[in-house]
Amino acid sequence: MSVLVAITGRDNTKLITKLQQRLPNTQIEQWPACKNVEGVEFVLAWNAPEAMWQQLPNLKAVSSFGAGVDSIDLSLLNDKVDVVRIVDEQLAEDMAEYVLTHVLAQKLRLKEYYLKQAQQTWKPKRAFKNKHVGILGYGELGKACAQKLFNNGFKVSAWAQSGKNVTGVDIFYAEQGLSNMLPNVDYLVCLLPLTQATQGIINGSLLSKLPEHAVVINVARGGHVVEPDLLNALNNNTLRGATLDVFEQEPLAQEHPYWCHPKVTLTPHCAALSDIDSVIDQIAKNVECLNQGVSLNNTIDRTKGY
């Protein structure tokens, strides 16, 4: 058995070195320099080439390099292939701190003051009074963010798959629930997994249901946002602002209008970064599980896509 690393867009030298140290008796190769595709049973993937999958006849398991599996086209995998994801407990705390920070930054007008500083303009204003945060997605990250916001005095609502009784959080579900939640939130935070059902969910229709003073904060995936619709809402003053950590194309193209937009705060997909040692440990344990013929950890439901 061998492990194949198929992660594009980054230098994987350190990752492979650490993984080899953790699995000294396992052959680890990197795509496309793979000498024995028949021996590959486990793939660590992120934006792997689509043509690669059909060249791996004995594939048994695929691990995403991140918390989501949206970078893997599940339709290209045999139904018997297990798909797992990375679960890093520190990610939830990091994400909660990021979301709280940027909700407060928008509430306190920090972007506005940064622009005024560049213009040497002295013009103080009161902070916005609005304190209602709506969260799209109530998984582990959504729960951590909701708790952090609630503990800091915010009213919190969340859109989940089904109704739940949660202390301090108003839960909405189904399409009607989303329509009921949106008109009342001041800050909309997207933490949804990216699936066919959620692709482009932050579009003109959704944005039109938000109050004009609302702010969108996207820390999930760039594919959740229809960029022309978001820009149109910002330019027409039907949306006050946006904080974006994820984008359809990463790195963001130099000519993209987000860079210089006065109502956009952007960060380089850094809201919650996995610890490399935690990632290595989880991957190694799943490789060992595969070797031993036991169930893998953090297996996704392929029918749901997460």
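## Helices H1 and H9

How are H1 and H9 oriented to each other? This is a predicted model, and in it helix H1 (residues 13-22) packs against H9 at an angle of about 45 degrees, the two axes being 10 Å apart. H1 and H9 are therefore oblique to each other. As for handedness, H1 passes H9 in a right-handed crossing.

On the H1 side, the contact uses Leu15, Lys18, Leu19 and Arg22. H9 brings in Ile276, Asp277, Ile280, Asp281, Ile283, Ala284, Lys285 and Glu288. Sort the residues of this H1–H9 contact by class and you get six nonpolar, six charged and no polar.

## The five-stranded sheet

Now for the sheets. One of them is open and has five strands, ordered E2-E1-E3-E4-E5, with parallel pairing. Strand E2 (27-30) and strand E5 (82-84) sit at the edges with a single partner strand each, so one side of each has no neighbour in the sheet. From one strand to the next, the twist averages 20 degrees.

Look at strand E1 (residues 2-7) and strand E3 (residues 40-46): they run parallel and are joined by six bridges.

## The seven-stranded sheet

The other sheet to look at is also open, with seven strands in the order E8-E7-E6-E9-E10-E11-E12 and parallel pairing. Its edge strands are strand E8 (169-173) and strand E12 (264-266), each of which pairs on one side only. Here the twist averages 15 degrees from one strand to the next.

Within this sheet, strand E6 (residues 132-136) and strand E9 (residues 187-190) run parallel, with four bridges between them. Val133 has Tyr187 as its bridge partner in E9. Helix H5 packs on the sheet, where it touches E6, strand E7 (155-160) and E8. The direction of H5 makes about 175 degrees with that of E6.

## Helices H3 and H5

H5 (residues 140-151) has a helix partner as well: its axis and that of helix H3 (residues 89-107) come within 8 Å and cross at roughly 50 degrees. That angle makes H3 oblique to H5. The crossing of H3 and H5 is right-handed.

H3 makes the contact through Leu91, Ala92, Glu93, Met95, Ala96, Glu97, Val99, Leu100 and Val103. From H5 come Glu140, Leu141, Ala144, Cys145, Lys148 and Leu149. By class, the H3–H5 contact has eleven nonpolar residues, four charged and no polar.

## One aromatic pair

The count of aromatic pairs comes to one. The pair is Phe247 with Tyr258, and it is tilted: the ring centres are 6.0 Å apart, with 50 degrees between the planes.

What does the pair tie together? Phe247 and Tyr258 both lie in the loop between strand E11 (241-244) and E12, so the pair links parts that are eleven residues apart in sequence.

Methods: Residues are numbered from 1 along each chain as its sequence is written. This is a predicted model: local features need pLDDT of at least 70, side-chain atom pairs count only at pLDDT 80 or more; totals for chains, interfaces and linings use all residues. Side-chain values use heavy atoms; hydrogens and water are left out. Two strands pair if DSSP finds at least two bridges between them. Helices (H or I, at least four residues) and strands (E, at least two) are DSSP runs, numbered from the N terminus. Axes are lines fitted to C-alpha atoms, for helices over the stretch in contact, and angles run from 0 to 180 degrees between N-to-C directions. Angles under 35 degrees count as roughly parallel, over 145 as roughly antiparallel, 65 to 115 as roughly perpendicular and the rest as oblique. A crossing is left-handed if the near helix is turned anticlockwise from the far one by less than a right angle, and right-handed if clockwise. Contact means heavy atoms within 4.5 Å. Ala, Val, Leu, Ile, Met, Phe, Trp, Tyr, Cys and Pro count as nonpolar, Asp, Glu, Lys and Arg as charged, and the others, Gly among them, as polar. Rings of Phe, Tyr and Trp (its six-membered ring) pair if their centres lie within 6.5 Å; planes under 30 degrees apart count as stacked, over 60 as edge-to-face and the rest as tilted.
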